[in-house]
Amino acid sequence: MVSLKKYSGTFYIFLKNQTLTKFQYRGTLWADILFFIFGYGTQFYLIFLLVGKFGTLGGWTQYEVMLLYSMSILSYTIACTFLMGLYNRTPEKIRNGEFDQTLTKPMNPLIYEVISSFSAYYTIHVILGIVMVCVSFGLLNVTLSIGNMFFLILVVIGGAMIQGGVLVLFSSASFFLIGDNPLVYSVFVTLRLLNENPISIYPPFAQIFLTVIMPFAFVSFYPAQYFLGKNDFLMFHPMLQYLTPLVGLLVLLAAAALWLCGIKQYKSSGN
């Protein structure tokens, strides 16, 4: 209980500072908002045009693909709010020895890095992601019951844990590589982009990889079938549409365990 109170108090301080810093420059803030709306809106509209031109994409209509994209973006932005800072900062801190300071803090190193790396920058992204998901369901004429809305929240959290867990997993590579890992991030971006389409359009190996090895298919593809009443499970069992929260928790825990194990490989390179 004492640890929880300590962590929550520390997180509140970082959250307050990050938020005040972000909203201090209102001109920049509004410029960012317009940029994000234009960027996500353009991608959203391109999906509408491209899929609409061909009718369907692997049996998924344009609005259904837009829902996949929206769910993926929403969970991704939530993950980035808490864990992108950890991913970006870890290589540099290991390389210059600054990570020594983290090890001297009176709390779990991973928890400290997550709390101190919290980014209010992605808050706007999250809001836009919520709007996109709502618009997608509206275009599909899907009305969610209270139970389904609760499940959707769990799915989004689970998807955020999957994408965040992969960020932590790739971040742990810095303990072994001692430096930046642009190739690793390129792999992450590629996997995330694959997840924005129905995985049924990919060859069997890719479907297995995105379901079993790097389970990005649980971010949007499988849970979307529950909300849309589809039956596009390919070689897998329909039960997968309910497992996103569990898969997300397992991925995040496994990634956290690997990150903490990576600390044992850490050798200070500071002066």
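The structure is a predicted model, in which local features need pLDDT of at least 70 and side-chain atom pairs count only at pLDDT 80 or more, while totals for chains, interfaces and linings use all residues. Residues are numbered from 1 along each chain as its sequence is written, and side-chain values use heavy atoms, with hydrogens and water left out.

**Overall architecture**

- The chain has 12 helices and zero strands, where helices (H or I, at least four residues) and strands (E, at least two) are DSSP runs numbered from the N terminus.
- Of the 271 residues in the chain, 49% are buried.
- Among contacts in the chain with a separation of 6 or more, 77% come from residues 24 or more positions apart, contact being defined as heavy atoms within 4.5 Å.

- Just after α3, Gly97 takes a positive phi of about 85°.
- Thr56 is placed in the loop between α2 and α3, and, with neighbours within four places in sequence left aside, Thr56 is in contact with Val51 and Thr61.
- Leu57 is found in the loop between α2 (26–54) and α3 and is partly exposed, with a relative accessible area of 26%.
- When neighbours within four places in sequence are left aside, Leu57 is in contact with Val51, Val65, Asn197, Pro198 and Ile201; the C-alpha atoms of Leu57 and Asn197 are separated by 8.3 Å, although these residues are 140 residues apart along the chain.

**Packing of α7 against α11**

- Helices α7 and α11 pack at an angle of about 170°, with their axes 11 Å apart; the axes are lines fitted to C-alpha atoms, for helices over the stretch in contact, and angles run from 0 to 180 degrees between N-to-C directions.
- That angle makes α7 roughly antiparallel to α11, since angles under 35 degrees count as roughly parallel, over 145 as roughly antiparallel, 65 to 115 as roughly perpendicular and the rest as oblique.
- The contact is made by Asn148, Phe151, Leu152 and Val155 of α7 together with Pro223, Tyr226 and Phe227 of α11.

**Aromatic pairs and charges over rings**

- Rings of Phe, Tyr and Trp (its six-membered ring) pair if their centres lie within 6.5 Å, and planes under 30 degrees apart count as stacked, over 60 as edge-to-face and the rest as tilted; by this rule the count comes to 14 aromatic pairs.
- In one of these pairs, the rings of Phe151 and Tyr226 have centres 5.0 Å apart and planes at 70°, so the pair is edge-to-face.
- Because Phe151 lies in helix α7 (residues 146–171) and Tyr226 in helix α11 (residues 221–228), this pair ties together parts that are 75 residues apart in sequence.
- Phe151 is buried at a relative accessible area of 13%, whereas Tyr226 counts as partly exposed at 27% relative accessibility.
- The rings of Phe151 and Tyr242 have their centres 6.5 Å apart and their planes at 55°, so that pair is tilted.
- Arg192 lies over the face of Tyr76, at 3.9 Å from the ring centre.

**A positive phi at Asn141**

- Most residues other than glycine have a negative phi, and most peptide bonds are trans.
- Asn141 has a phi near 55°, a positive value in a residue other than glycine.
- Asn141 is found in the loop between α6 (123–139) and α7 and is exposed, with a relative accessible area of 71%.

Key:
Buried means under 20% relative accessible area, exposed over 50%, partly exposed in between (1.4 Å probe, protein chains only). A charge sits over a ring if NZ of Lys or CZ of Arg is within 6 Å of the ring centre and within 35 degrees of the ring normal.
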